[in-house]
Amino acid sequence: MKLELHHIERLVPWFGYGNFNEAEVVFFGNEEGLGGYPIEAVLGRCQLYGYDSNTWIENDWRLGYWDETSHDGYLKLGKVTNEIRIAKGLPSEDPPRRSSSPFLEFQARILLHFEQMDKNWFNFKKNLLNDQWNQIQELKKHLYSNKTKIKVGLVDWRPLPRPKEGCWPYDGIDRKKYISAFKLAKRNFKKITELSDGRLTKEELDEYSKMLWNRAELIRKVFVTFPFSTLIGVGDINVKKKLLEFIFRNENLTFTKKTLRNGKSYETAELILPNKKLTIILTLFFNHRSNCLQLEGLQHLCEDVLEPIIGC
């Protein structure tokens with residue numbers, strides 16, 4: 001799919017889901033998926049998101065905007081996506097079946113743990129009561145809404161959504177250069193460092209380094225502007241650590257590496273900002289795979305790390 005300049009200009013300032021004015025905890029992911037929708041959903045997002053002035057930073061969507069329509073917005077996106085497909089002569093698609101995303105599932109388990117601490121939310125599906133599994137599945141649809149006891153938001157690092165991380169659906173955007181930039185490859189990181197030091201101007205940046213710079217500036221603005229006090233970075237620990245150390249380079253941000261009871265490592269830091277203290281936790285991917293956090297690690301993360309911070 002070919003993205004026009006106005007599409008990219010609409011996608012880069014968008015940063016996430018949730019009521020950020022009330023969120024207490026924000027998850028920091030790598031890249032948004034499309035929730036089972038086809039690639040035309042990207043164009044649908046450009047039609048739907050960013051037009052509510054209540055979700056603009058500094059009264060201008062170009063400076064950053066988010067979406068807080070939750071599941072209703074997701075359903076509306078599906079309708080608009082099918083309208084775009086039909087206009088292109090493509091068949092409409094049925095709504096996706098319930099998402100199997102471990103990323104969403106692990107977030108739901110965290111929230112349910114704090115809502116119903118008398119139950120164990122970290123068993124495999126086969127060992128959960130049917131009612132518990134149904135609650136997890138239902139909450140996955142409303143994670144970033146006002147229906148949860150703890151209000152949460154989601155911010156993603158990379159700005160271009162993909163149906164799956166293994167595919168590349170965009171014509172005219174070099175996959176390698178884009179991914180390298182957002183992995184903070186040496187060449188790109190050097191350029192934004194030189195820009196921050198005044199040794200380069202923004203006009204001297206290539207398009208991928210410029211996108212990286214704009215996104216880094218946006219992420220800083222989000223983390224500083226809104227009142228949430230806990231940030232949970234999920235996956236790509238080294239990239240997120242390097243990014244956060246860069247965008248908070250004047251605040252002397254320092255991370256400490258620690259280990260959960262099951263041997264899974266994580267990193268943590270405290271950031272003192274003018275309006276709040278922000279506790280940052282960087283952890284492995286929310287997934288069942290052996291190289292990821294797994295359910296046992298999620299339980300240890302909740303009980304040993306998050307409970308003292310978030311409370312009940």
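Let's start inside the protein: the structure holds 1 cavity of 30 Å³ or more. On a 1 Å grid over the protein atoms alone, a cavity is a set of points where a 1.4 Å probe fits but cannot get out, while a pocket is an open set with protein on both sides within 12 Å along at least five of seven lines; lining residues have an atom within 4 Å of a point. Grid points are joined across faces, edges and corners, and a volume is the space filled by probe spheres set on the points. This is a predicted model, in which local features need pLDDT of at least 70 and side-chain atom pairs count only at pLDDT 80 or more, whereas totals for chains, interfaces and linings use all residues. Residues are numbered from 1 along each chain as its sequence is written, and side-chain values use heavy atoms, with hydrogens and water left out.

The largest share, 3 residues, comes from α4.

Now for an open site. The second largest pocket holds about 510 Å³ of space. It is lined by 19 residues, of which Val12, Lys202, Lys210, Met211 and Asn214 are the closest to its centre. The elements that supply two or more lining residues are α1 (5-11) and α8 (207-225), and α8 gives the most, with 9 residues. This lining divides into 10 nonpolar, 2 polar and 7 charged residues.

Turning to the strands, β1 (residues 14-17) has two pairings to follow. It runs parallel to β3 (residues 65-67), joined by 2 bridges, and Trp14 has Tyr65 as its bridge partner in β3. With β4 (residues 152-158), β1 runs antiparallel, again through 2 bridges, and there Gly16 is partnered by Val155. Two strands pair if DSSP finds at least two bridges between them.

Next comes helix α3 (residues 70-87), whose 18 residues reach 26 Å from first C-alpha to last, close to the 26 Å expected at 1.5 Å a residue; the expected span is 1.5 Å times one less than the number of residues. The buried residues of α3, among them Leu77, Val80 and Ile84, pack against α2 (41-48). Buried means under 20% relative accessible area, exposed over 50%, and partly exposed in between (1.4 Å probe, protein chains only). Just after α3, Gly89 takes a positive phi of about 80 degrees.

Finally, look at Leu3, in the segment before α1. Leu3 is buried, with a relative accessible area of 6%. Beyond its neighbours within four places in sequence, Leu3 is in contact (heavy atoms within 4.5 Å) with Ile8, Leu11, Val42, Leu43, Leu160, Tyr170, Asp171 and Ile173. The C-alpha atoms of Leu3 and Leu43 are separated by 8.4 Å, although the two lie 40 residues apart along the chain.

Methods. Helix = DSSP H or I, 4+ residues; strand = E, 2+ residues; numbered from the N terminus. Nonpolar A, V, L, I, M, F, W, Y, C, P; charged D, E, K, R; others polar.
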